[in-house]
Amino acid sequence: DYQQLQRACPDCQQLRRLKARRNLTYRSLFGKLHLPCDRLFHCDCQSHEKKSISPLSDLLPERTAPELLYLETKFAALMSFEQSAQLLAEVLPVDEQLNAATIRNHTQQMAQRLETELGDEQFMFIDGCERDWDALPRPDMPLNMGIDGGYVRAVKTQSDPKQSNHFEVITGKSIADDGTSKCFGLVRTYDKKPKRRVFEVLQSQGMQMNQQITFFSDGGDTVRDLQLYLNPQAEHLLDWFHITMRITVMKQMANGVTFPDDWLFKDMDKTLESLKWYLWHGNVYQALQEIEGLPDLLFMDEITEKQRKLLQKIEEFQTYISNNRNFITNYGERYRNGERISTGFVESTVNQVISKRMVKKQQMRWTKKGAHLLLQVRTKVIDGDWHKAFERWYPKLPVQAA
């Protein structure tokens, strides 16, 4: 019917001549539809850049129904592409097996569509001045955002034999006072708009420039730089979990070291406990003094391999605390006041966003582009915003039930 309506010239109403007829394949929830598609010559009453037109091709620029695209991409974000194809073939009345490569390509296309909607990257997202911030409505309770990283296996290429076997993926979660949360994921060495991505997540949580935000991180350079200049009221803290984890590792290594005298081992254990106590109360200066005294307890005639490794771990910890001294707070006071001191919720986010889909029991390797694009769809699905994105792109899509 649509093609019949388009047969007449819109300018002179004369019937346009038929140039060719072919079948257009349209993939739907009920299998492939083979639609007769006419190509018509343009009428001579007006000048045109092209000699012919295909009305049905213009009406259906995408050859896959939005409902099928939604199911393909949603399942692909939750399980492997092959498993998604098998599941859809089981539950949908399709006449042939869906292709895993097609599902992967559709997922990347939809993710790229999200990428084009993202605003431009900026060095600083703090807008306005203190007078403007004071005029804003009273903000909600503080937001807490934790950022951490994980690693996935990389695809090996012939052109770069020295390429690393893994690359880093950054993920994080923002939690509001009412318990609602939003997460994000990105490949830092591929993403061109990392700060914009984090800023948009905070904006979706209702962030205002006069609202307090606490950022937790593991102290890594890439993670620490990602959270700067997003909010004037932001507080940046080093996660207590990563501090105490490193001290615990040094304690375990000390237990495996042979000391000539028992008092040296006791002094080592006592110093590590004091170090932990000073850091718990935010006394970075005294903690660094304690760290500087640790190597003296290991100076012997001959340094064993275990002692050498322990010395290296102590030096790394000293550098770690020195680089993050401005992000260490009084954790004991925050804990007594019922405030967050650790990013345990982010550790679970790393498992949820990265590990379950891309690491655990998954044998495939990833390109940086493929991993990054999949993360954009996966985080939207986890947050429950994927259907909203499709409703924005396809207004006639059926509304999802609450």
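This is a predicted model: local features need pLDDT of at least 70, side-chain atom pairs count only at pLDDT 80 or more; totals for chains, interfaces and linings use all residues.
Biologist: Which residues gather with Glu130 in a patch of negative charge?

Modeller: Asp127, Asp132 and Asp134 gather with Glu130, and together the four make up a patch of negative charge on the surface.

Biologist: Before we go on, how many helices and strands does the whole chain have, and what box do its C-alpha atoms fill?

Modeller: The protein chain has 16 helices and eight strands, and its C-alpha atoms, taken along the principal axes, fill a box of roughly 100 × 55 × 40 Å. The radius of gyration of the chain is 29 Å, whereas a compact globule of 402 residues would have one near 21 Å. As for cover, 44% of the 402 residues count as buried.

Biologist: How should I read a salt bridge, and how many does the count come to?

Modeller: The general idea is that side chains of opposite charge can pair when their charged atoms come close. In this structure the count comes to 14 salt bridges. One of the pairs is Lys251 with Glu273, whose side chains meet at 1.8 Å from N to O. Lys251 lies in helix H9 (residues 240-255) and Glu273 in helix H10 (residues 262-280), so this pair ties together parts that are 22 residues apart in sequence. Glu273 itself counts as partly exposed, at 38% relative accessibility.

Biologist: Which residue forms a salt bridge with Lys313, and how are the two placed in helix H12?

Modeller: Here the general idea concerns the helix: an α-helix has 3.6 residues a turn, so residues three or four places apart point the same way. In our case the partner of Lys313 is Glu316, with the closest N and O atoms 3.9 Å apart. The two are three residues apart in helix H12 (residues 305-323), and are therefore separated by about one helical turn. Lys313 is partly exposed at 30% relative accessibility, and Glu316 is partly exposed too, with a relative accessible area of 38%.

Biologist: What about the salt bridge of Lys388 and Asp385: which of these residues is exposed, and which is buried?

Modeller: Their side chains meet at 3.7 Å, N to O; Lys388 is the exposed partner, with a relative accessible area of 53%, while Asp385 is buried, with 14%.

Biologist: Which residues are linked in a network of salt bridges?

Modeller: Glu115, Asp191 and Arg197 are linked in such a network. Arg197 also leads us to helix H7, where it is among the buried residues, as are Lys195, Arg196 and Phe199. Helix H7 (residues 194-204) is mostly covered, since eight of its 11 residues are buried. The helix is followed by Gly206, whose phi is positive, near 85°.

Biologist: Finally, where is Tyr70 found, and what separation do the C-alpha atoms of Tyr70 and Glu235 have?

Modeller: Tyr70 is found in helix H3 (residues 66-78), and Tyr70 is buried, with a relative accessible area of 10%. Tyr70 and Glu235 are 165 residues apart along the chain, and their C-alpha atoms are separated by 39 Å.

Key:
Residues are numbered from 1 along each chain as its sequence is written. Side-chain values use heavy atoms; hydrogens and water are left out. Patches are made of residues with over 30% relative accessible area and no salt bridge: like charges are joined within 9 Å, nonpolar side chains (Val, Leu, Ile, Met, Phe, Trp, Tyr) within 5 Å. Accessible areas come from the Shrake-Rupley method with a 1.4 Å probe; for residues, only the protein chains shown count as cover. Lys and Arg count as positive and Asp and Glu as negative; His and the chain ends are not counted. The place of a charge is taken as NZ of Lys, CZ of Arg, CG of Asp or CD of Glu. Helices (H or I, at least four residues) and strands (E, at least two) are DSSP runs, numbered from the N terminus. The radius of gyration is taken over C-alpha atoms; the globule rule is 2.2 Å times the number of residues to the power 0.38. Buried means under 20% relative accessible area, exposed over 50%, partly exposed in between (1.4 Å probe, protein chains only).
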